[in-house]
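Here are a few notes to read alongside the model. Take them one at a time and keep the structure open as you go.

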Amino acid sequence: MSEDVLRVEGLSTRFFTGEGQVNAVEDVSFRVREGEVFGIVGESGSGKSVTGLSLVDLVESPGEVTSGKLWYRDAELAADLQQEFPAAVDGDYVDLRGVPEAVRTSLRGTSFSMIFQDPESSFNPSLTVGEQIAEAVEVQQRASSRPRSTRARTDSSEYSLGSLILSFALPSRRYISEESRERAVELLEMVGIPDPVERADEYPHEYSGGMLQRAMIAQALAGEPDVLVADEPTTALDVTIQAQVLDLLSDLQKETGMTVLIITHNLGVIARMCDRVGVMYAGEIVERGSLADVFRDNVHPYTAGLLGSVPDLESVGGSLDPVPGNVPSLLDHEMADRCYFADRCPKAMEACLERPHPRAVDDDGDHLVNCVLGEVSYGDSPPLPDEYFDDDGDGSSGAATDDGEGGKTAEESVSTDGGESR
Ligand code: SF4
């Protein structure tokens with residue numbers, strides 16, 4: 001079994017909004033092994049994308065990673081930082097939350113890279129695709145030629161206003177170097193863009209959605225990252241192009257041996273791509289394990305509910321069995337100190353009135369579940385009366401209702417064939 005390349009421990013990310021504190025990611029822990037494909041799946045609003053952004057340090061204000069450790073395995077970096085930041089180094093691992101932001105920034109692109117949900121809004125429309133990939137190549141080359149501790153201090157003159165104006169006056173200046181242009185073309189070829197030399201000089205609007213997603217993968221691979229975070233990489237694509245992009249990602253992962261973390265609401269993508277998976281709900285990872293653990297031997301009722309809402313080709317005409325009710329508010333002052341899934345859970349018991357903690361389901365501790373059912377059986381504790389969840393005093397529980405005021409129902413949010421999600 002390969003070693004962990006990433007250990008996420010107790011990661012919490014909050015957004016400080018006018019309405020109050022939103023606990024988008026709450027005490028999340030998981031490990032990702034070198035060279036594996038790890039999936040994070042859940043409904044819209046479960047905190048998957050924010051988890052991905054937290055890993056690559058791209059959470060923007062009013063959001064903030066408020067606690068947790070991100071242990072990244074890099075022996076060379078650990079040796080570089082050992083003296084100055086001893087508390088952030090443990091053997092070959094560096095806690096990226098315990099080192100200056102400049103170090104984290106320097107790792108972006110070369111150690112971690114990210115593919116975003118919407119390629120059309122991620123490319124600059126005023127620059128050719130080739131230029132934008134070449135820029136990523138240049139950043140990676142500069143990073144590789146400097147001591148890691150000084151990488152973030154880039155020479156801003158290379159991107160000054162003067163050089164930008166000059167680049168428009170003299171087209172040959174638009175590529176920072178001929179080498180980076182050639183590498184951009186190579187990368188476009190690697191991701192299957194036809195006529196890459198000509199296509200490199202085209203603008204994003206001249207690409208189809210599928211080609212643009214491939215170009216974004218090329219850009220993300222420019223720095224030859226150890227860990228690629230792919231946030232809903234096929235959401236904006238039609239089904240045939242989705243399959244092509246997933247095949248491409250899978251081939252590239254096998255070819256390069258990089259570790260891939262896929263974030264998706266699509267269980268089909270998880271089943272097709274991943275070795276291990278974490279199921280997210282209301283900012284927490286509620287179940288984690290191998291594909292077999294989660295798809296076949298799952299314990300958490302939410303995992304079972306997600307799988308139950310997947311259409312089955314063998315029972316055409318039958319109705320789906322969605323998870324009833326709505327995703328809870330993640331506003332701190334509205335979150336109760338009990339299992340967040342209790343309002344929707346068909347197995348809620350009195351034992352669920354305390355916040356569940358992770359319980360190991362198997363002997364090696366790889367299959368973990370945040371649910372009392374990891375320890376007791378349904379029925380060992382009395383069921384919950386409705387008034388436990390009665391906010392308005394009329395005796396009605398929040399379960400299995402959709403009044404259109406509290407977010408999406410599971411069937412609106414989780415699909416097996418694509419659709420918008422964050
Ligand atoms: S802790 Fe209780 S309410 Fe929560 S998912 Fe498990 S059984 Fe359901």
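1. In H9, the buried residues are Gly210, Met211, Leu212, Gln213, Arg214, Ala215, Met216, Ile217, Ala218, Gln219, Ala220 and Leu221. Because 12 of the 13 residues of H9 are buried, H9 is largely enclosed by the rest of the structure.

2. Before going on, please note that this is a predicted model, in which local features need pLDDT of at least 70 and side-chain atom pairs count only at pLDDT 80 or more, while totals for chains, interfaces and linings use all residues. Residues are numbered from 1 along each chain as its sequence is written.

3. How far does helix H9 (residues 209–221) reach from its first C-alpha to its last? The reach is 19 Å, close to the 18 Å expected at 1.5 Å a residue; the expected span is 1.5 Å times one less than the number of residues. Helices (H or I, at least four residues) and strands (E, at least two) are DSSP runs, numbered from the N terminus.

4. Now to the sheet. Eight strands make an open sheet with mixed pairing, in the order S7-S8-S9-S3-S10-S11-S13-S12. Strand S7 (112–115) and strand S12 (359–360) are the edge strands, each pairing on one side only. Two strands pair if DSSP finds at least two bridges between them.

5. Look at S10 next. Six of its six residues are buried: Arg276, Gly278 and Met280 lie on one side, and Val277, Val279 and Tyr281 on the other. Strand S3 (residues 37–42) pairs with S10 in the parallel sense over five bridges, and Phe38 has Arg276 as its bridge partner.

6. S10 and S11 pair in the antiparallel sense over six bridges, with Gly289 as the partner of Val277. The two strands form a hairpin with two residues between them, and Ala282 in the turn has a positive phi of about 50°.

7. Strand S11 (residues 284–290) also runs antiparallel to strand S13 (residues 368–369), joined by two bridges. Glu287 stands opposite Val369 in S13.

8. Finally, which residues come nearest to the ligand? Of the 14 residues around the ligand, they are Cys339, Cys345, Ala348, Cys352 and Cys371; a residue is near if its C-beta atom, placed from the backbone, lies within 6 Å.

Technical notes:
Buried ≥ 20, exposed ≤ 12 C-beta atoms within 10 Å, placed from the backbone.
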